[in-house]
Structures are given as C-alpha cells and as structure tokens.
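User: Got a model here that I'd like to go through with you. Can we start with the ring contacts?

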Amino acid sequence: LVTGAGARQRAETLAIHVLAFVKEPFDSGGKEAVIGASIGLAETGGGGVDANELMRQADAAMRDAKSHGHNLRRWFDAELDAKRHEELEIAREMRSFISHGAFEVEYQPIVDSGTRRIEAVEALARWPKASARRLTPDRFIPIAEDHGLIGDLGNLVLAKACRDLAQWQDLRLSVNVSPVQLNNRAFTKTIERIVRQCR
C-alpha cells in the first residue's frame, strides 16, 4: 500500500524494483534457478474504493499481466473487468459443453516424409460449432486452466480420441496435456482408466 503525494509513481517504481529483484538468478541445491513474477497495481483515484475492491482490482491487473508473459506489471482499468466478465461467461459455457461431451476433436496427421504414409495423429480440441462464439484453443485453454476445467476437458478429448483410434489401424496417437493435469497425482490412473474403457 503506497499513500501520499506521488503515490502512483512510487508504486510504479516499487513494482519495477520488485520485478528486477525477483528475476535475479539464485542458487538452488547447486543449480542456478530463475523465477518470474506478475504484478498488478490499482489506485483509488481520490477515494470511493474500499480495501477489498482495491485488492480485487489489483488481482485483476495481476492476472492480466500474467496472461501476457512473465515479469510484467499492469495497472487496473475498467476494460479488465469487462474481460473478466467475458471469461466467466466463456467458462460457464465451457462447463456446460464439457458436461454434455460437446467439445470436438480434430486430427493433425503426422506423415513419414519418405513413405508419405500417415504414421500418427495429434488430437486437437476444438470449440463446439453449436456455440455462437468462435474460439481458438489459445483463447479457451487458458480459461479452462484458470477455472479448473482443464482436467475434465483433457479427459473428454482423450476419451474421444481413444474411441476414434480404436477404429483405425496401425496409427499412433498424440494428445496435448496441460501442466495443470501433470500436477494431478491421479493423472496416470485417469489415463489408464480411459484407455481401458476405450479398449
């Protein structure tokens, strides 16, 4: 919390110094490690904003900074609230599509350049055509991760892809996995269960 004359500029300077400090390499068990940070800033604009609202605004700005890369700072503005509202709507729609198995799977062929034979396919999640929205994976995957939906979405894609693979001969299958899924201790058991169910 920075108050008084020149508070905005002093907060900005503090954020710059914090980012510079955090990204300095450090020793971790004999190995060099580097971390990053995202900083959100918000101001009261002369009052009328309570502490909880100010923290919410700073959090929204921090999430926006995080979505644009590492070691960034962002000031809150009203557009971030509009963006957050849209993300909540997308997440709500995504939850419904997942529960109804409505996400689609397309396949990118992987071809042997010598024989020109399709050796494998990569399964790719696609936003349902039934929706009025037209979203690409680079838009809906981060929202799925942020709203705790990526595990269910990943399982849906894997199950659909495995069912399709069972009908094809001599093809390997690749399915993209989110780091969020890898952090789930039950992930390997989930894969085993889906593969068994799809034979």
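Analyst: Ring pairs join Phe97, Phe103, Trp127 and Phe140 into a cluster. Rings of Phe, Tyr and Trp (its six-membered ring) pair if their centres lie within 6.5 Å; planes under 30 degrees apart are stacked, over 60 edge-to-face, and the rest tilted. This is a predicted model, so local features need pLDDT of at least 70 and side-chain atom pairs pLDDT 80 or more, while totals for chains, interfaces and linings use all residues. Residues are numbered from 1 along each chain as its sequence is written, and side-chain values use heavy atoms, without hydrogens or water.

User: How many aromatic pairs does the structure hold?

Analyst: Six. In one of them, Phe97 and Trp127 have ring centres 5.6 Å apart and planes at 90°, so the pair is edge-to-face. Phe97 sits in helix H3 and Trp127 in the loop between S6 and H4, so the pair ties together parts 30 residues apart in sequence. Helices (H or I, at least four residues) and strands (E, at least two) are DSSP runs numbered from the N terminus.

User: Are Phe97 and Trp127 buried or exposed?

Analyst: Phe97 and Trp127 are buried. Buried is under 20% relative accessible area, exposed over 50%, partly exposed in between (1.4 Å probe, protein chains only).

User: And what about Tyr107 and Trp168?

Analyst: Their ring centres are 5.0 Å apart and their planes at 85°, so this pair is edge-to-face. Tyr107 is partly exposed at 24% relative accessible area. Trp168 is partly exposed too, at 32%.

User: New topic. Which residues have the most contacts inside the largest nonpolar core?

Analyst: Met94, Phe103, Trp127, Phe140 and Leu153, in a core of 20 residues. Such a core is a set of buried Ala, Val, Leu, Ile, Met, Phe, Trp, Tyr and Cys residues joined through side-chain atoms within 4.5 Å.

User: What is Met94 in contact with?

Analyst: Leaving aside neighbours within four places in sequence, Met94 is in contact with Phe103, Trp127, Phe140, Ile143, Ala144 and Leu149. Contact means heavy atoms within 4.5 Å. There is also a second, separate core of eight residues, including Ala11, Leu19, Val22 and Leu41.
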